[in-house]
Amino acid sequence: AETRQLELQMLDSDVHMGDLAKIILVVCALALLVPISISYQSHQGVQNRLKNLLHAETKHLLEIQEDVNRRLVRANAALQYSENKLAVTLDSIDDAVIATDAQGNVTLMNPLSEHLTGWTRAAALGKPIEEVFHIVNAETGLSVILPVRRTLAEGITLSLEDFTKVISRDGLECDIADSCAPIRDSNGEVGGAVLVFRDVTERKRLDQTLQDKNTDLEKATSVAQTANRAKSDFLS
């Protein structure tokens with residue numbers, strides 16, 4: 001009976017040990033799950049904060065981009081207005097204008113320069129200035145060195161000598177007066193040159209006519225003075 005009782009107690013003890021082991025396993029599992037849960041919740045909190053920060057930063061960047069786009073639109077509108085105003089100004093003045101880049105290639109022409117050179121703006125863009133603007137000495141017929149290269153190299157304003165003719169693409173000639181000035185950027189560096197010239201053929205013709213009339217007047221004055229002296233001598 002005692003042996004039987006002992007066996008029962010041992011069986012009961014095994015059952016309790018099994019329950020205790022189960023309890024220990026549950027407690028260990030809970031002990032592991034609690035930090036994991038806390039870590040997961042913490043990770044989720046960090047992830048949510050990162051998402052919120054990312055969303056806020058994205059929204060801020062989008063606002064900046066929209067502001068930049070608005071500024072670009074305004075700048076483009078202002079640039080377009082400025083270009084239109086410049087085009088109207090160049091089209092309405094009595095001077096021919098040709099602009100070049102730092103390498104001396106044509107970047108701009110107004111209608112009067114197209115008329116005097118025989119080149120259209122579309123055909124002249126990108127061409128060396130010497131190819132588009134061909135000038136010679138009116139007295140010798142020899143080619144004249146353009147002031148553009150010196151202006152680009154030295155950054156100074158130059159004028160053509162008198163008695164200069166421009167030869168158009170069609171072979172037509174006309175007397176011109178010309179000046180060349182550097183185009184500088186915001187740093188003061190020479191980034192191109194601008195030629196301003198005009199047709200002075202009519203003015204030279206009028207000057208020659210006036211000179212001829214002055215010569216005739218001087219001759220007439222001389223004859224009159226001679227006659228007066230002769231008259232004075234006769235009266236004397």
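**A tour of the predicted chain**

Begin with the whole chain in view: among the contacts (heavy atoms within 4.5 Å) with a separation of 6 or more, 47% are between residues 24 or more positions apart. The model is predicted, with local features needing pLDDT of at least 70 and side-chain atom pairs counting only at pLDDT 80 or more, while totals for chains, interfaces and linings use all residues. Residues are numbered from 1 along each chain as its sequence is written, and side-chain values use heavy atoms, leaving out hydrogens and water.

Next, colour by secondary structure. Six helices and seven strands make up the chain, where helices are DSSP runs of H or I with at least four residues and strands are runs of E with at least two, numbered from the N terminus. Their order along the sequence is α-β-β-α-α-α-β-α-β-β-β-β-α. The radius of gyration, taken over C-alpha atoms, is 48 Å, well over the 18 Å that the globule rule (2.2 Å times the number of residues to the power 0.38) gives for 236 residues, so the chain is more spread out than a compact globule.

Now select residues 96-101 (strand S1) and 106-109 (strand S2), which run antiparallel and are joined by three bridges; strands pair if DSSP finds at least two bridges between them. Within this pair, Ile-98 is opposite Met-109 of S2. Move to the four residues between the strands of this hairpin, where Gly-104 has a positive phi near 85°.

Finally, colour by burial: 20% of the 236 residues count as buried, that is, under 20% relative accessible area with a 1.4 Å probe, protein chains only.

How values were computed:
Buried < 20%, exposed > 50% of the residue type's maximum accessible area, 1.4 Å probe, protein only.
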